[in-house]
Structure formats: C-alpha cells, structure tokens
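Work through the exercises below with the model open. Try each task before reading its solution.

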There are 4 protein chains.
Amino acid sequence: MIKVAVVVASRANYARIKSVLFALRQQARVHLQLIVGASALLHRFGNAVEVIEKDGFVPAAKVHFLIEGETPTTMAKSTGLAIIELATLFENLRPDVVVTVADRFETLATAVAASYMNIPVAHTQGGEVTGSIDESVRHAITKLAHIHFPATEIARQRLLLMGEDPRWVFLTGCPAIDLILLTDLEQSPQEVVRRYGGTGAALDLRQPYLLVLQHPVTTEYPRGLEQIQATLRALDILRMPTIMLWPNADAGSDEIAKGIRQFREHKNPNYIHFYRNFSPEDFLVLMRHAACMIGNSSSAIREGAFLGTPAVNIGSRQQARERGRNVVDVDYDTEQIVSAVRRQVAMGRYPPDYLYGDGHAGERIAAILARLQPGEIPVQKVLYYPQFWEKRYRQSA
Amino acid sequence: MIKVAVVVASRANYARIKSVLFALRQQARVHLQLIVGASALLHRFGNAVEVIEKDGFVPAAKVHFLIEGETPTTMAKSTGLAIIELATLFENLRPDVVVTVADRFETLATAVAASYMNIPVAHTQGGEVTGSIDESVRHAITKLAHIHFPATEIARQRLLLMGEDPRWVFLTGCPAIDLILLTDLEQSPQEVVRRYGGTGAALDLRQPYLLVLQHPVTTEYPRGLEQIQATLRALDILRMPTIMLWPNADAGSDEIAKGIRQFREHKNPNYIHFYRNFSPEDFLVLMRHAACMIGNSSSAIREGAFLGTPAVNIGSRQQARERGRNVVDVDYDTEQIVSAVRRQVAMGRYPPDYLYGDGHAGERIAAILARLQPGEIPVQKVLYYPQFWEKRYRQSA
Amino acid sequence: MIKVAVVVASRANYARIKSVLFALRQQARVHLQLIVGASALLHRFGNAVEVIEKDGFVPAAKVHFLIEGETPTTMAKSTGLAIIELATLFENLRPDVVVTVADRFETLATAVAASYMNIPVAHTQGGEVTGSIDESVRHAITKLAHIHFPATEIARQRLLLMGEDPRWVFLTGCPAIDLILLTDLEQSPQEVVRRYGGTGAALDLRQPYLLVLQHPVTTEYPRGLEQIQATLRALDILRMPTIMLWPNADAGSDEIAKGIRQFREHKNPNYIHFYRNFSPEDFLVLMRHAACMIGNSSSAIREGAFLGTPAVNIGSRQQARERGRNVVDVDYDTEQIVSAVRRQVAMGRYPPDYLYGDGHAGERIAAILARLQPGEIPVQKVLYYPQFWEKRYRQSA
Amino acid sequence: MIKVAVVVASRANYARIKSVLFALRQQARVHLQLIVGASALLHRFGNAVEVIEKDGFVPAAKVHFLIEGETPTTMAKSTGLAIIELATLFENLRPDVVVTVADRFETLATAVAASYMNIPVAHTQGGEVTGSIDESVRHAITKLAHIHFPATEIARQRLLLMGEDPRWVFLTGCPAIDLILLTDLEQSPQEVVRRYGGTGAALDLRQPYLLVLQHPVTTEYPRGLEQIQATLRALDILRMPTIMLWPNADAGSDEIAKGIRQFREHKNPNYIHFYRNFSPEDFLVLMRHAACMIGNSSSAIREGAFLGTPAVNIGSRQQARERGRNVVDVDYDTEQIVSAVRRQVAMGRYPPDYLYGDGHAGERIAAILARLQPGEIPVQKVLYYPQFWEKRYRQSA
C-alpha cells in the first residue's frame, strides 16, 4: 500500500486533477487521502466540495485557509495559513507522497509543507511558462518537488534544464485534457446551462455564442478593473449571446467582480448570462460549442487546443505559454478584442491538436504513483547538473 | 530613496548579512528596514537581537514565528507562520525591495510573502548546492527571487542554467566573508571566550584546540542523536581542548542537544566547554586559531577557505558544496573523524583561498541596491531560456 | 503620556467607538494608536478604512485576519489569526492600554492578546445581554478586561454581579449614541442615499420608508436563509420604499446574502434599494426619518431609543437586551412582521429615551483614559466577591 | 452515541483529566476523541504523549501550536494558533461536546474554538480563584462554557454568582484528586525516581526530603529570575535532599529555567536532583512521602489537602485559592521560606482534608457526559440573573 494525499483547494484544480483521482481510485495498492480546502469549500467560489462528493470521493479532511481580501497581501497570508494547516493534516494522515497541482497558492503551500516534512511531492503542470505570480510559483514548486509530470515535451525539457533529475521526470500529458474523452460533448449547451442558476439574460445558445472567463493578473494588481472593462466594452459591441463566469479567488478578483457588477448595473446587458461555476465536464461542453472563447483562462489554450475552440487570449496572464493555432493574442484593448473575436468566429472550429496531451495522463500518473514503494523516492534532492560534479573540489591556486 | 527591508531571524543569518547591513547604512539613498524575528529573539538560541542592537541597528519590527518542537512538522508550520507575519509587516512597512539570506525557513517565508505581494526579492547565496532541505529551499527561493547575489562563479552559472535573467544576476562574493577583513583576528581566543559564560570545563586555549559545530540534517531526521554521538565519541578519543556550540533551531536540533546533554552527564568531559553563541567576529577569531574545525557548519567551508582553517566536515549536510583544500570529508563514523582530525591538526593552517569572496561583497550588494529605482525591477519573472522563445506558437501538424 | 491602542475591525465597531476616538484625539496626554483590520479593510464590507482616514485618523497599522467562509469554523479561525497578528502589533506598538469594542470576534481577540501580554484592556458595552455567540463572547471579554465602560445602569450592575472590581467600572453611556448629537439629522434622506451607489429600485424617500438590516444569528447557523426569507416575504407584502443593507461578516452572512440575491433575482422588487454601507452619520439620518426599522440590528434598540424610531425586532439576536418603548419584538414570521410594521408605522415617532446614554460617553471615556498613569491599572485581576475573602483558609473538620 | 473530544496539551493537564478519560473509556455510549498537542508532544516538557499512549489512549489527532519564546507575546500567539488548529480538528472530528481543563492557554483556545463553532464546552476547575493570568482566563472560559464541573462548593457558588445556569453546574470534586485513590502510595520514593533520568546529585530519599516546583507568574513577568533565586537561596540554606522539577511552558519559564541553570553551575549543589517530568502517579508518591513541598504549584494545595503533605506556598500564583491547613504562605523571601519549611517539616503530615474532592470526580463527570443527548445542551447561553428578567422592557420616563 502507498498512501497518496492530494490537495484540492479550488474548482479549477479539481478539474485539473480529477482524472488522476479517478485513476488512483482504481489502483488497489493506493490509499487515496483527499484534502479539500479553501475556495473549494466556499459557495462564493462554486462549492467544489459538493461536486467532489457527488463524484464519490470522501474527503479525508476539509480545511479553511483562505484569508479574505483577494489582495496580494491576503494571498501571501493564505499561503502561510495553508502551510500551517496542511502540516497538521500531513502529520496526522502520514501520506507516502503528496500530489500538488499546477501553480496556485495552495499548490505552493502543499509543496512547502510536504517537503519540510520529508514527504515526497509529485507535481503536475511543471515546466510550463505563463505570466502572473503563477510563473514564479510554478518553478519554485518544481524546485521543491520530487516527481514531475509535465504536460508537454517542451515543459519536460525546461524541467531538465532547471536541474531536475531525469529519472523522476515523466512526460504524461495534462490530466485536464483527459476529461474531454470522458465527457459527452454532444450534449446541448442549452441543456447544460439549464442545470445552473446564474443571473442575467435568457440566451439562445443555438446561436453562435461567446464564452468569457477573465482572471486577475496578480503581478498587474490593481489594474483588474480597467482590464475587465476593456473586455466588457468589447462584449457590448459584439452583442452575441455570452456566457460569462466570475473570476476565481486570487489577488484582484474583487476588482474584476466589481467591474462586472458595475457593467451589469449600468448597461443591464440583455445578451449576457453570468455563472459562478460549472462542473468541469459541463464547461467542456460549453467550450466545445462556443463560437469563441474570450479572456485569459488557461483552458482556452490547453483544452482549447484539443477541442479546436477558437479563442481570443487577452493580456499577459498566459504569456509565453505554448499554444496551438486556435489561439489569437490581443492586448487589453477593446478594438483588438472585437476584431479578433470577429475573425475567430468567422474561422470556425480548428482541427484537434494534442499539444497538451492525448487524454490518458491520469492513468499514466496513477500507474507511476501506484508502482512506488514508500520510501523509494529520495527526499534529498540534488541539483542535476553533472557538468559541475567533477569540479566539486576546486583547485586553489 | 529606496526602502530596503532585510529579515534576520537567526544568529547564523545575521553573520551572513551583517556587512550588507553596514554598507546599506552608509548609503544615503537607502532607508533600511530591519525585521528581527524567530530564534534571533530567543535566549535559547543566543539572543542575536541584542548583538544587532549593540551594532547600532534599531529594528523596524520584532516578530515571533518559531513554533516549538524542532521537528519537520514544526519547521513547516514556522514557515507558514512567518509568511503570515511578514506579509503584515511588509504591508505596513511597504519596502521597495526585500533582502533574504541563504536558505533557512524564514528565507523561504520572506521570499514567498514578498513575491506574492509584488515586492522584488534580492537573494544572497543562491546557486550553491548542499544537502538537507536547505538544498530544495535554496533553489525554490531562487525561482521566487528577482535579483541574485551569488557568492561563487559556479553558483552564478547554476543560476543562469536554472533560467534566471542574466541582467539580474551579480557575482559579488559572499557577505559572510567580509567580516574577516573587519575583524581583529589576532585577539587571543582565551580573551574571546572569557566574554561568554557557557558551561563545562576550563580550557587552555594556548594549546591546539578544536572547534565543533554540528547541526541537524533535516532530510535525515530523526537520526540526529546517533549522528552527534559519533562526533562526541571522537571527541572523547581526541581529548583536546574543545569549544563546542549548541545547534541552531532546525528540525532535529532537539535530538542533537539531547545527545550533547547525555554525553555531558555521563562522561562529564573535562576537555569541553559548551557555548550557546558567539558574535560573528568572535567566532572568526576562534576559527582563525583553531587547530581544526569539526562538524557540518558551512562556515568551515566558506570562511574556512579564506582563513585556511583545517576542517573535518561530517556527513551530508554540505554535500556537493564547493570547497577549498582546507576541508576533509568524512562519514558519521567515529574512526574516520578521529583520523581525519589528527591529519588536519598535523597539517596546520592552509594558505588563503578566495573561493567565496574577497571580503567586499557587502559593499557591492549595497551599491547595487542603492542604485535601484523603486519599480525598476520587473516583478513579473520570465524563465530565461531564449531557445524556446521562438517556438512559442507551435506548428500543429 | 499614555499610549492608547484601539482596534477597529468592522464598519459597525467604528461607529461604536468613533466619539471615543475623536475625544482621545483632543487629549494632549494621549498618544492614540489606531489599528484597522479585517472587514474594515475590505470593499465587500464597506471599506471602513476609507471613512476612518477621511475622518483624519492615520492608522498605526493595517492588518488582514478575516478567514473567508463566514461559517462558525472560519469565525473561530479568524479569532485565532487576529490574536496572532494583534500580539505582534502590540509587541511593536507597546500600548499602555488597549480599548476593545462590544462583542465581535476581533473584540475577543484583542482582549485575549492584550491580557496575556499584561496590557490592561478597556471594554465598552460590557454587561449587556443579547442572543447569538456575541452573548458568551461579551461576558468572556468582561472577565479578561480591566476597565469597564458600561452603557446602562443595569449593565453596570451585571458587571458587578459577575465579580468585576467596582473601582474600575464606570457608567458612561454608550459612545454609539454620541454621534447623534454630532450629526445634522435634518438632512434629507434622499440627499444622503444619493452619495451611495447601491443597486435596485429608485426610491422616493419623501414617502414613509422602511430601513432593513438583518444579521445572521451565529448560534442558529445555518438557518440564516429561512430567517431572511420571512423578512423578505414581509417586505413583498408591505411594498413600501425600502432601504436594505447587506449583513456584516459573521458566520451565516453568506446565507443571508444568498437569500437577498435570490429574492432580488426572482422578484426584481421595484420598491427596494440595496446598499453595502453608510457612514455612521448618514445611517443615523436614515434612522431618524424612517417610518420603521426592521431586522435585528442593535442600532434599532440603542440609537433607536434616543431617536424614537419605531422598530420591529425579529428573532433572538437581541434577546433580553434592554430596550425602550420604540421596539416591538416578533418571530421569524412573515405575518407577525407585517402586522407589527403596520402598527409601528401608524404609531409614528416615539419620544426620546436616554436609556443607552446622553450623547457624551466618548468624552467621559477619553477623560478617564487620559487620567491614567501607565502601570496604574493592576493587570492582576481578582474576582470581586468579598463575601468569600474571609473564608480563604477553610476550617477543615 | 455521543462524541466527546478532550484536548490535552500539557503534562499538567493530563494529570488533571486522566480519571475522566479513564471513566469515559468505560462508558459504552461515549466515543472519545483525544487531541494531544503543544507541550504534551515535546521532549523538553516531558513528552506527555508517550505516557498517554502507554495508558492505552490512541490520540485522534496530534497538533503542534506552541510558539517558542515563553514570553507573554508568544503565549498570546500560541493561544491564537491553537484556536486555528483546533477549529480545523473540530470541523473534521465533529464532536458533540468538548471537555477543556482548568485555565491554561490551550484551555481558553479550546473554549473559544468550540463555542464559536456551536459545540458545547464542558469545563473543569471553574470558579476557583488564583493569581497569574490564569485567573482572568479561567473566568473567561467559564463565560464561554456550557457545562461546569467545579471542584469545591465555594467554586460552585462563584459560578452561580457569575451568572451561570444552575441546571448546568455540577459539583463533582476535582478529577486531579481521583488519581490518589488509584495509586499505590506506599511505593518507595527511591524506586520511583530511579525510573527517571534527571540530572544532579544522588539523593537518599529515606531521609526527609523536599519537593520543589515553582512556575512563572505571568502577570509578574519578567520577575521570574529573582523569584526563583529567593527559593534557590533557601534550598542552599536548608540543604535537605531535594527533588526539583523544571517549570512548565508559560511566559517566564525561560527565566525560571535560567535561574536554576545558573544556580546549578555556580553552586553545583550536592543535595538537589533535577527532573523534567514525572507521571502523575509517581508525582503523587513523591508528594505523599515528602517532608515538605515548596513552590507555587496548585498540586500542593489541591492534592496536598487530601494527602496532608506539608507545603510552603510562595508568592501570588495561588493567591486566594481555597486551601486546607497543610499550606503555609510566604513571600518571595529566602528567610520566610526557610523558616516556614523548618516549621512544616517539624509538623509532619496533616490529616486528610476532602476540600477538593473525594476521589470520584472522574466517574461523576463521565456519567453526566454519557447521559447527554447530542444537541441537548443549549449552545445559546443566557446570563442567569433572573432579577433582571422582569425589567426587560424598561419604563421610560
């Protein structure tokens, strides 16, 4: 038996690790310890814990560690509180390995707590490059992590360049892609949205529609308000049926939410419906049928590549992330957004691109974890630059 | 004006940054904000805050964040608590740049808090390689930090290999070396120790004497007890006048302290005197005149190179760290320790080696920081692997 | 000089202590240290810090310690985090006395931190009785506090019954009442609300209007949703112009907010306007002119007595609180609410009742604090039950 | 079934609740959830968790929350951290009632966390009076607690005077007394101490011996050093065989420990042996045979009454605590201590006095808890002063 703890603390990260959780559950040798925390417990952010429990998982622990404010300060403090809480949980659960997902503050907290406690850390989505504080955090997690499951070949190469030991770097593809194969994409979007309340206009989703999701860029805090306003003005020009999501809980999401609320109050748009959350599968259905995605969500780039959904990516949050042909990049500029969306809508769906995976990452990751013996992974990391190993004892003049 | 915050949370780190603090104080453009915390406030660990204040610094804030226990769990939790506390202090002090030293838990906490808060982080001693959790933590800090002041050329190269931007990597040497030039090394060791209480035997330091400092290796927790016992048995065979320090506050230091206490009670050795702490300068005097240093302190390797002090380095804590000829490596093995010490004592002092710096690192670092404009350092980091930059838009088949 | 620290962590508590702050500022012997934290820093809860700064106060520190969730668990955790943060601030600010207001979680945190740190605690609004967790918390704070400023004679008597030392109990009246005398109550409500955005219907406030403010009852968590629904249904029957506020940040406020949002979406009421916050003075103007207040806010009872505003108090939150004739109590029952409101509206304004103070409490409190010598208040409390003091040495049989 | 959580976070509190734990274990209806934390996990403070596990208890959770420093500041911060941690544990364990013991910082933390979370709190040792911050804290806990198990009749009366509901106040005696009946008091003290290491002189315990235990008085911080020195000078005059314990982890224990270390180093006393900890039973054997107890431990007063051990109580820590004839009170004054000890030694053992209980408190408490239905205890507390209940609606003039 090997005890595998997985920390899920936001709706986004559940989607990114769900196929791994399903595959781990199939592994007889694996005792899964699911820790659900932070915004995954909160109504305001979609109450992901309900989805998780409906998927049949019984959390080993629930834990609140999100400090209210969504400013850079509270983000730092939430990281600190998460470390404190997770350390206690790890001490009591005693996992043999901890899986941490992508690049959020709880991802870093998980990696810090586990690595100080000599518990090996497995990391997904390492080696990718983007903007926002996520960029620094992702690579810091890489330096703390012991096993890496990069999604793309270039990401794998970056991990090796950063000095990770090639024996513990496994190119698996991204588990977020896996869900696509498990989902009935041919459901009607109209049916899907009916399952959610939301607020705003009634939409006819048989018409070409837009799917908008724009998160704050923490390193550009506090410019979230003007950033979302550029997008909202573009929507006001385009006036296509629009499904819009509230942002996730990061520094600056308050500003974005404020922009949306102001727009809604002043313009009372009869072409937008606002939602807090969709299940990951339902979101894929909506992506699959969207005429164009707009915003700065990584899903437009990752799942979007596989699905071929035309996407307009705004600003720096996804800067330098590998992308397929389905993505057009623009600035926080209403005109650019409008004209790019019009071109993408005209273009129609792109052919699938397996850049971020073929849909079987979760099985590969679970199989690798299930094969491990407790204690097999060396907790003492060594920077893998063999070129210096010969020079250990310097010749002094 | 530029506000430079420096976090000092242990006696060890004060020694490693003191010359920078002195040099920053000379810079008219710099407003220094010194935050003193954790074991630097505690009697049990030498009350470094008194030394700091005697050196003329007025802390901008004092803050407790060390969780008692010295286990891997409490080390993780102390990191979390430090992040929470430092975030509040940074929010109120609003520094333009934060300096963080080496690789301790508070170093990581400082880097996490500041980088989430979009405050540029300057880091000393990056790019070095060692054992212990320090190894992972040091490189994670590198990935969060914005300006790097590596001590050695190889360290600098490692930082570039890890993808740091060469414009923000400055080879300055190590500030810990600087103190040597500022210290009257010709003081008598007997005079020096007279200024401290300590416990144990009266020693004649005109005779060749040993200087012992052995810290826990967090990744080998909880083997600290047996590790120190090997050393203590060696001392019992060597029976030379011995100055021994208590370990610093890391996971496992309790075990080391326990081993020392048991040894003292059972053997009541009449050749060892135990001390909690020396001022950095006094410690250099003791190093300068020691017949041999024993243990796993980095000072034997770094300052030892410059001073030429013969040293016997035990175990994995300093594994792979660059070293000069003055260091002989052994296992946690009484026989190996005894024979290595005898050889080193016979050898006598080595010629100086400027491997870790020429004694002017602090001035260089202060000058670079003083030249900065607030906002000049980009908080958005970008992984510096230009080879991938052309491939941003992958060609799908 | 005496250093007086005051912790303000919510919009409600600022209103309750503002006259004390103004009076302390007039005292030459007093150095005021204002700490602003938690929901007082957050947009979602009215950003009270902006009001505070506009009133000319410069916070000595700002600090986030509100853990997101508004559940009983997060309320407990916010208390813990507040203690940690306030202890650091007190250690650095070194106040001679700390003032803590009423019965909120930060009030308890302030009292715990200060009393462990041997800093005398001054407490306002002790000795009152209500429902909710506030009831336990208020009396626990009394047992930690060293100086008491009760608002009413009965509250004073309760403090003495609980064993507080009569030398340190001062009947001053409630500072929340003081604002009334300082406010131009004859402003037009229509002018007042124009200064705020809010959402919802345009109201004609020259007509008799309702003022609704309903907070969660923590000990009845999670019944907040049904509780607010009873009120909302009553509003839907009454259909008078209605000013409605969002609840403050307590366990259960999420449920209340959810109820309001659902109602707004389904009913789209053209007779309600929703606001996040008013300045304390503006709220008094709105109270002064309201045909009836509805909900469970203590202001209807305290300031309401002085102003004579007819009020309908719903449920248990204010249970057993002393009240004047202006208040009618009802259950969470739509019919009861409707009929009580109709009776109260018909009744019109009541004559003033000085039950909670005459408007000069702040001056009295500031004068008492300003007379103190640092160290004058004994930090060692003694339960004041002289009847037992003779029996100290029990006669054993 | 009823889930009863008990928080034990120090060696002292384990002794005070052990008989309750044993009795709860016998109750078929009770599911016991034992949380072990803070100094109960630490070697430096006697590692009580080992004793607990040897007694057959399997902790439901272990949790570190002691912040290093033993200053008033760190004591406050430890309280805060304990609240955060216990809230998470309570959320996951979901107890129906939480038992909290006496008046330590973790006792308050337990009461705060549970009461905010609407979990009924049962409290032992309420209503007693002493010095130190314990005095305020004990009564604050009373105001948060829902069921009270006072030890003495006067304590019970004080609880009622403070306004607790008589239906939930049960005079049970103190569980700390129960251990006496369960212990073989006729064991030889020499045998007992042989089971412990300790440091210092070899003692002949067939001679009349002293038992010394002196804790810091937090409200007199930082005078611990001079306080212990008065005692140590007295021991140096008395020069009887002396068993001395290190103090527990409170603000100021560092000072006490420092005084003891200094004394030991300068005087090297050949009549004292120092111990970190005894099991509660072993300590009772040592008390039973001691010629005199010295210090400020409550055990000299509580268990001492039952055992009839002559005791000299120093200073204010136990001020106003009910005591039997076996206790003589003195100041921090060497002469007073010496002469009181000589008188007490001459006096010999006192007859037993059942002031703090008859040895069956644990059974009574467990039986009361086992009878409870989940949800039976009202979480909404009401101040029990019926004299005011008629005056709810004040008559305004």
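## Exercise 1: A buried lysine

A:Lys18 and A:Asp55 are joined by a salt bridge, with 3.2 Å between the closest N and O atoms. The model is a predicted one.

**Task.** Find where A:Lys18 and A:Asp55 lie in chain A. Then decide: is A:Lys18 buried or exposed?

**Solution.** 

Step 1. A:Lys18 sits in helix α1, residues 11-26 of chain A.

Step 2. Place its partner. A:Asp55 is in the loop between α2 (48-54) and β3 (61-63). The two residues are 37 residues apart, so the pair links distant parts of the chain.

Step 3. Check accessibility. The relative accessibility of A:Lys18 is 4%. Buried means under 20%, so A:Lys18 counts as buried.

**Task.** Which residues does A:Lys18 touch, leaving out those up to four places away in sequence?

**Solution.** 

Step 1. List the contacts. A:Lys18 touches A:Asp55, A:Leu179 and A:Glu281.

Step 2. Pick out the network. Salt bridges link A:Lys18, A:Asp55 and A:Glu281.

Step 3. Over all chains, the count comes to 84 salt bridges.

## Exercise 2: Two more pairs

**Task.** Examine the salt bridge between C:Glu191 and C:Arg194. In which helix do both residues lie? Is each one buried, partly exposed or exposed?

**Solution.** 

Step 1. Read the distance. The N to O distance between C:Glu191 and C:Arg194 is 3.2 Å.

Step 2. Find the helix. Both residues belong to helix α8, residues 189-194 of chain C. They are three residues apart, about one turn of the helix.

Step 3. Sort by accessibility. C:Glu191 has 41% relative accessibility and counts as partly exposed. C:Arg194 has 59% and counts as exposed.

**Task.** Now turn to D:Arg302 and D:Glu128. How many residues apart are they? Are they buried or exposed?

**Solution.** 

Step 1. Confirm the bridge. D:Arg302 and D:Glu128 form a salt bridge, and their closest N and O atoms are 2.3 Å apart.

Step 2. Locate both ends. D:Arg302 is in helix α12 (residues 302-307) of chain D. D:Glu128 is in the loop between β5 (121-124) and α5 (132-144). They are 174 residues apart, and the pair links distant parts of the chain.

Step 3. Check burial. D:Arg302 has 1% relative accessibility and counts as buried. D:Glu128, at 3%, also counts as buried.

## Exercise 3: Chain B on chain A

**Solution.** 

Step 1. Two copies of a chain are related by a rotation about an axis and a shift along it.

Step 2. Read the values. Chain B is laid on chain A by a turn of 180° and a shift of 0.0 Å along the axis, with an RMSD of 0.1 Å.

Step 3. Conclude. The two copies are therefore related as by a two-fold rotation axis.

Step 4. Check the surface. The same surface serves both copies, since 100% of the contact residues of chain B recur in chain A.

**Task.** Describe the contact between chain B and chain A. Which element of chain B gives the largest share?

**Solution.** 

Step 1. Count residues. Chain B gives 65 residues and chain A gives 65 residues.

Step 2. Note the area. About 5,800 Å² is buried between them, 62% of it on carbon and sulfur atoms.

Step 3. Count the links. There are zero salt bridges between chain B and chain A. There are 18 residue pairs in polar contact.

Step 4. Name the elements. On chain B, α3, α4 (105-116), α5 (132-144), α6 (153-161) and α15 (386-389) each supply at least two residues. The largest share, 13 residues, comes from α3(B).

Step 5. Sort by class. This side of chain B has 30 nonpolar, 19 polar and 16 charged residues.

## Exercise 4: Chain B and chain D

**Task.** How many salt bridges are counted between chain B and chain D? Which helices of chain B each supply at least two residues?

**Solution.** 

Step 1. Count residues. The contact takes 24 residues from chain B and 24 residues from chain D.

Step 2. Note the area. About 1,900 Å² is buried, and carbon and sulfur atoms give 53% of it.

Step 3. Count the links. The count is two salt bridges. One of them joins D:Lys77 and B:Glu85, with the closest N and O atoms 2.8 Å apart. Six residue pairs are in polar contact.

Step 4. Name the helices. They are α3 (72-93) and α10 (253-267) of chain B.

Step 5. Sort by class. The side of chain B that touches chain D has six nonpolar, eight polar and ten charged residues.

Definitions and conventions: Residues are numbered from 1 along each chain as its sequence is written. Chains are lettered from A and ligands numbered from 1 in the order in which they are written. This is a predicted model: local features need pLDDT of at least 70, side-chain atom pairs count only at pLDDT 80 or more; totals for chains, interfaces and linings use all residues. Side-chain values use heavy atoms; hydrogens and water are left out. A salt bridge is a side-chain nitrogen of Lys or Arg within 4 Å of a carboxyl oxygen of Asp or Glu. Helices (H or I, at least four residues) and strands (E, at least two) are DSSP runs, numbered from the N terminus. Buried means under 20% relative accessible area, exposed over 50%, partly exposed in between (1.4 Å probe, protein chains only). Copies are superposed by least squares on the C-alpha atoms of residues with pLDDT of at least 70 in both. Contact means heavy atoms within 4.5 Å. Buried area is the accessible area (1.4 Å probe) that two parts lose on being put together, summed over both. A polar contact is a pair of N or O atoms within 3.5 Å; within protein, one must be able to donate a hydrogen and the other to accept it, and residues adjacent in sequence count only if both atoms are side-chain atoms. Ala, Val, Leu, Ile, Met, Phe, Trp, Tyr, Cys and Pro count as nonpolar, Asp, Glu, Lys and Arg as charged, and the others, Gly among them, as polar.
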